[in-house]
Every structure is written in C-alpha cells, then in structure tokens.
Amino acid sequence: MAGEKYVYDFSEGHRDLKDLLGGKGANLAEMTRLGLPVPAGFTVTTSACQAYLSTGRNPDGLDAEIDGHLAALEAAMGRRLGDPEDPLLVSVRSGAAFSMPGMMETVLNVGLTDASVVGLAAQAGGDDRFAWDSYRRLIQMFGKTVCDVPGEDFSDALEEAKKAKGATDDLHLDAADLRALVDRYKHIFAKHTGYEFPQDPREQMRLAMEAVFRSWNAERAVLYRRQERIPADLGTAVNVVAMVFGNLGADSGTGVAFTRDPASGAQGIYGDYLANAQGEDVVAGIRNTMPLEDLQGLDPRSYEELLGIMAKLEGHYRDLCDIEFTIERGKLWMLQTRVGKRTAAAAFRIAAQLVNEGMINLDEALRRVSGAQLAQLMFPRFDLSGDPVALTRGIGASPGAASGKAVFSAERAAELAGAGEDVILVRRETNPEDLAGMIAARGILTARGGKTSHAAVVARGMGRTCVCGADQLEIAADRFTVDGCTVNEGEVISIDGTTGRVYVGAVPVRPSEVVQYFEGDEVDSTLVEAVHTIMSHADATRRLAVRTNADTGDDAARARRFGAEGIGLCRTEHMFLGDRKELVERLILAVSESARNDALAALLPLQRADFVDLFRAMDGLPVTVRLIDPPLHEFLPSLEELAVNVAVARERGEEHSEDERLLDAVRRMHEQNPMLGLRGVRLGLVIPGLFAMQVRAITEAAVQLAGEGLNPRPEIMVPLVGAVQELEMVRQECEQIVAEVVAGSGVQVLIGTMIEVPRAALTAGQIAEAADFFSFGTNDLTQMGWGFSRDDVEGAFFWRYLELGIFGISPFESIDRDGVGRLIRIAAEEGRAVRPDLKLGVCGEHGGDPESVHFFHEVGLDYVSCSPFRVPVARLEAGRAAITGGDSDSR
C-alpha cells in the first residue's frame, strides 16, 4: 500500500503493536521503552510479510526504509555492516504475533565475510577463534535457512572436525580448526547451491529477511499453526538486531530465564545458562546447560542485574515472563521477553498466585486459563504404589504420564500413531523438523536439553508430556541404551513429565487430584486450591448453564458431582441395547396390533425404572429425555447374515421358515441410507404407541418420585423434526398422556424438539409455536449441513482437508461458525421472536468444546450439555465467555 510504514525502530514501538510488529518486535520495543539494555535494532512489519507472500517481492518503498533504518543502526553502534576493520553484525529473526517457538527462521552473525572476519577478530581483542566460530555459524545457519542446504551436511562436517581433534564438543576446536571448518562449510554451500557464499553483507541481510518471510509458510510452521489454531494470514515480522556475542569466552554466555517455573508455576529462579555460547545453542540443546542460579557464582554482577530485570518485567507484564539474554564479556543484554508458555498446572497456579499478590483480578485470572488446560489436568497420573524402578531420570519439562512404544524418528512416530499406536518419541534433541512426530506422540524423551530446549517449549505449548536432558541415554537409530540395558524400537516405555523419571514397560495410572476434587474428595494441594479459586469465579460469572449428556443414574450422579445442572440429553435408544434389543426388534417387525402391544407392554416397566434412576440422581434439576432416535438398522437383524443363513439352510434342505420370515421383513424395511431414513419423529409416527410408551414411562417415573417428596423436572424432546406438523402431531399425543398421568401430582412437563435438520433451523419460527424448548443436535446438524457422514469421511479425506487448509479443525470437533453456526443463530433468533421464553440449549458434542462454548454464549443459548467428564471444562469456558463476550481468542 502506497505510503504505508513498513519499518519501525525499537524506540518507535510498544507491546500493544504486536499484530503489526510481531510479539518479539513489540516486546523488544517495550523493553527499550522501559530503559532495559536492549541492542539497537528495527522491525519490519507483518504487513510487509503479507505483501511479500502475496506478490513474491518486497512491497514498494520497503528497501528504502530498511536502508534508512540500517544507517541509523550503524550510527548508533558506531560500526558499519561489512566494514572489514570494525564490522557491524546483525541477527535476522522472525517474530509472529503469536509465539511459535522454533517454527520459523533465524540467522545470526549476518554481515560476516572473508574480509570482515579478520576485523571481527581484531574487534574482539585478537580473538581469532571467536571470529571463525561466528563465521562458521553464519554459513551453517544461512545455508540451511536461506538456501535449503541439508543441515546434516554441516553437522557431519562438524562431527568430523571434532573427531579429528579428539574433541567431545566444539569448544575444544581452536581457531585453525574452525578456519578449516569454514572452508569446508563454504565448499558444502557451493556444492548444493551452485554459487559461492555471498560476500555482500547487504545481500546477506536481504536474503535472510526474505527467508524469514517465506518460513511463515514452511511445512512445520503451517503444522504448528494448525495445531495451535493460529490464523494462516497473519504473516511474521522480521527483527534486525545488532549482534551481541555470548561466545567470546568464559566471561560471556547466553541463557533463558523464567520469572516462575513454567512447569509447576512455583515461584523462584528458573532457567538455563550456557557459557561461551550463542543463543541457538541453548534452544537446540547441543550442550547440556547449567541451572540459572549457577550464574551467581560465575558473574554475580550480571546475575543480580538479571534478577532485577526479571522482577521489573514480571511486574510490568503482570505475568510469567520468558526471557532470553546474552552476556558479552560481563555486559548483560536483553534479547527477548514474552509472556511464557506454561503447563496447564502452572497456568492455574500462576493465575491464582497473581490474584493473591494483587497483580491481577479474578476476571483476568479466568482469562489466563482455558478449558483445554483444565482437561489436561483431569488426565490420570502414574500410580507408583508398586514402586516401579526407574531406568533413568532426566528433567521433567512438561508434566503428565505417558506410556507408549519407543520410536526414534518423527516419521515413525506419525506412522505408528496413525495406525492407532501410542508412541513415545525418543531423540537426542528435537528440532523444528520433528514437529509432526511430536504432535503424534503421547510423550517426548530427549537425551539433551533442559526446560528451555525446543522439545520442552513446544511440548508445554501442546500439552505433551516431556522429559529432557536424560543424558545417560545412548541413542542409536532404532534403540537406546542406559547402563547396559537396551530398549529397542517398539518396546513400551513410560515417562513422567513431573519427576523426569523413565520406566521400562507400561506403568499403571491413578486419577488426577483435580478429578478427585471434582468428585468431592478432600484434596490438599496448591493446584486444587488454584482450580477451586478460578472455577468458583467462573461459576459466579457465567450466564450459560451446564448440563450433561447421561443415560444412566450412575452417569448422572457423577456429572452432578462435576457440577452439572441437569441433563441436556438422555439418549433413550441406549436403554434398548443388550437384552432389550430383542423387544425392540419384535416391536418394529410386529405384523399385528396385539404383537406390537405385547412388545410395548414389556418395554414400559423397564423404561420407567430407567427414568426413576435418572430423576432421582438429578432431583430438582431438569432432565431432557430424547425419544428414541436411532437409525432403524441398529435394531434389526443383519440383512447379509440372514440372507446367508437362509441360503445355507436351503442348500442343506433344512427348515428355515422363521429366518425367511425375518429376511422378508428386514428386506421390506431395509434402507440405503439409514441415517436419513425411518428414524426419530418419523419412527414415532409410523409405529403407533412407541412414543406413547416412552412418554408414559417418563411421566409415571416423575409422578412416583414426586410422591416420595422429590422434585423431578422432566423435559420431553422429539428428535429429527423437520416440519412443525410433525411436532404438532407428536405433541398432541404427548399432552394427552401427560394430562392423564400427572394430574394432581404437581409435576410439570415441557415438550420441545431437537434442531438437527437444516430445514428445522430455517423454519424455527414455525416450529417454536409448538415447542417449549429447542436443543441443537450439532452432530447431525453438522453432517446434514455439510452433506457428509461422520463415520465415513473423517478417516477418508479430513486429513487432506486439514492439510490443504480447507478446515482449520474438524467441524465435528469445533462448531463451524459460518455455516452450521449461522443455522443455529437463525433458529435462535426466529424461535425467540415467536416465543420469547423459548429455552435454548445444545446437546451435540460441541457442547463440551471450549471454542464452541464461546459461540453458544454469543448467540444467546441458555445452556450447553456435554459428557460428564467435560462438564468442568464447559463450566470454565462459560465463565470465560461471559467476561470476553464470546471471543475465545482473548486467551
């Protein structure tokens, strides 16, 4: 866009510009505003990236803006990019609005050339080793990042150099070794690219920036955005920062710090430090780091300064801060800060801590946690009562209990997980190319790295169990060995992301303390206290009620303990399975009125007993009972099996009259597409007495309990209605039975319908005239709205639709706001226009999905209903929706 500003100096921005400057650029600008020691630099905006990606070239005016800001940077630093005697070097770093650790590109030491490497050595006081080490890093990162040179070629060359020297790590390579390695790297670069490593520093910078732009659409970045539901059209900013060097010797180094423990939320000093290293060394985990507190003994002045800055940043951001820093010969530099990724347990503990410290209020605490995190806390933990012996121990980097087959490559992890296997991905250290395997795995185990390594940061963000830095592991291509014990690929291991312990075999699990709390048990823990504080506020804040989907008294009782405020869906067809299936089969296939009545009479007391259990468990709370709604074939004998039996009997000359009678009946009722056939309200209208039997059972159960002094609140829901006339006919029959059974009992019965057919949503104004309530059946509404069968399509092509970006997430997992959501909105508005007191709820699986709950709040539903286990999640998200206005992105 003509006249648009594409480049901002750090002194021009602030943290509220993260959509434009990216998170990294906005926070560098914020730290500059706070007067913290930030190297000079500038940010190229996300809008420049968007323009580049749409046209394949930089937008008009961008190059001139960069030249102007580079000149200002050179003036501020007193050095010039590429100066052979006193060179300025810069880093070129990505920085999206949402944190995407390791998913996009970074190039350090940009500006080094054959000429300026000598000047860099002189600038460093004659430290030739430092200069050649920086040069080899540039060629390696530039080659891999910008020019797609295989990274393993550089790694192999480094390993050969160390082997020739007899060195265990790169610190033992001297200047001559590194100079020879630079020559080798340049040869590798030329071999793969067909041209020499560029010696124009400005050209290096331009190509590096364009590579960062392109990395927005790199496979791993796309995969990460899909996993984290980050919009694909945002683009990344690019930050150009004057280099400061942590690889200048023992008085230099680099580190990552957290103002609180990102794994547990505990207050204290957490982080990693690596002496004589550049920042990428810490994240990559190529050498094991030392704990941050050890820096106090190495450089007490920098350590104390760092602690002061950490406190200042946490107070300013009012949250856990993740900080990257470098010490250059005793001088501390701040390279990045951001609100740190944390585990689910840490999220709840930190939010509650900050409330207690007066830094945030309860509304803000509620914004900072999510239903997905709460769900993680409800997963089981290892039961160690059997005293399993740990094979080894690393660093617990992301809590959880995970068991699975050991695999040693991302590809193998994805392959086995796709076949339904649980796997643990085992690597020396992970890198961004491993993302697909990390997503597929139940847990991640690495031999190198700490709590700030790539594996740890990504695992925490995704909620995966992770153990890092298990340095006793000797990892080969298809096995690992610890103290003589070998675990081959495919053998089961278990990892504990809290303690860091690794076990051979599957370890049994126990319920989480959070589930015990929801069950009503007394649990003494800081995590449960934090969950209680935030859940109490969510319940006090939310407008949406939360019900459960339950078909038995036991499920209903458990859901009530979990906080359910009624039953939003009782699927009566589930009550007809097992021994009762034969009765339903007799009913459907009955050829006489007496046979049909006999079957109904046998079913009535069984149904009544079911409803007594449900109403008793939910005493005083509404119970929505859906009249029978299965596809007909679920209650009929198999057509294929009957046909085979008859054919075999005929071949043998055996008597087969009963099978023939059944076969004729099943053929008469056979449907090509049972999901769209004789089911729901259609079945009730075609088979006289079926719905009447169910309504009688419901009302008789309610009257029985009312006579015991309880308060049953039944709601009868008619399924699959597409026209108001269907509902009117069923309602007329229902009202006659209700009036007969409940007379004088005080029992009140509502009659409504499930909105699951698109036509019902579009004619909701008519249907509301005959309904006391609507409950949206979003599973069927999604199937019919999209025109596909869930059972058939999820495995057939959804993976491809997700890969192509047609879906950001399966529409069966999170509500399709634009299509299915619009049908819900239309039905809600038109239904309430006719009947203002119309009760509106949702009972499909979306009722427990955090994103969908926000939408249901937004469109004005009265309640959501979900499985018992998801009730706490829905309660939390309903509270969050109330304070964010339905905008789930506020998290």
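The legends below accompany several close-up views of a predicted model.

**View 1. Strand β2 and its two antiparallel partners.** Strand β2, which spans residues 41-44, is covered on both faces, with Gly41 and Thr43 buried on one side and Phe42 and Val44 buried on the other. In a regular strand the side chains alternate between the two faces of the sheet. Strand β1 (residues 7-9) pairs with β2 in the antiparallel sense over three bridges, and within this pairing Asp9 stands opposite Phe42. Strand β7 (residues 236-242) also runs antiparallel to β2, to which it is joined by four bridges, and here Val44 of β2 faces Val238 of β7.

**View 2. An open sheet of three strands.** The strands follow the order β20-β21-β22 and pair in the antiparallel sense, forming an open sheet. Because β20 (474-475) and β22 (485-488) stand at the edges and have a single partner strand each, one side of each is left without a neighbour in the sheet.

**View 3. Ser403 and its surroundings.** Ser403 is part of strand β16, which covers residues 401-407. Its side chain makes a polar contact of 2.6 Å with the side chain of Ser494. When neighbours within four places in sequence are left aside, Ser403 is in contact with Phe382, Asp422, Ile424, Arg442, Ile493, Ser494, Ala506 and Val507.

**View 4. Helix α33 and the elements packed against it.** Helix α33 (residues 820-834) has 15 residues, and the distance from its first C-alpha to its last is 22 Å, close to the 21 Å expected at 1.5 Å a residue.

View 5. In soluble globular proteins, nonpolar side chains tend to be buried together. The largest nonpolar core in this model holds 117 residues, of which Phe348, Leu374, Val531, Phe611, Phe774, Ile824 and Leu876 touch the most other members. Helix α27 (residues 690-707) contributes the largest share of this core, 10 residues. Leu876, with its neighbours within four places in sequence left aside, is in contact with Phe348, Leu366, Val369, Ser370, Gly371, Leu374, Ile534, Met535 and Ala538. Another core, of 61 residues, lies apart from the largest one and has Leu81, Phe154, Phe197 and Phe213 among its members.

**View 6. Cysteines without a disulfide partner.** A disulfide is a covalent bond between the sulfur atoms of two cysteines. The structure holds zero disulfides. For Cys147, the closest cysteine sulfur is that of Cys49, and because the two sulfurs are 18 Å apart, they are too far from each other for a bond. Cys147 is buried, with a relative accessible area of 17%. Cys866 is likewise in no disulfide, and the nearest cysteine sulfur, in Cys843, is 11 Å away. Cys866 is also buried, with a relative accessible area of 2%.

Conventions. Residues are numbered from 1 along each chain as its sequence is written. This is a predicted model: local features need pLDDT of at least 70, side-chain atom pairs count only at pLDDT 80 or more; totals for chains, interfaces and linings use all residues. Side-chain values use heavy atoms; hydrogens and water are left out. Two strands pair if DSSP finds at least two bridges between them. The expected span of a helix is 1.5 Å times one less than its number of residues. Buried means under 20% relative accessible area, exposed over 50%, partly exposed in between (1.4 Å probe, protein chains only). A disulfide is a pair of cysteine sulfur atoms within 2.5 Å. A polar contact is a pair of N or O atoms within 3.5 Å; within protein, one must be able to donate a hydrogen and the other to accept it, and residues adjacent in sequence count only if both atoms are side-chain atoms. Contact means heavy atoms within 4.5 Å. A nonpolar core is a set of buried Ala, Val, Leu, Ile, Met, Phe, Trp, Tyr and Cys residues joined through side-chain atoms within 4.5 Å.
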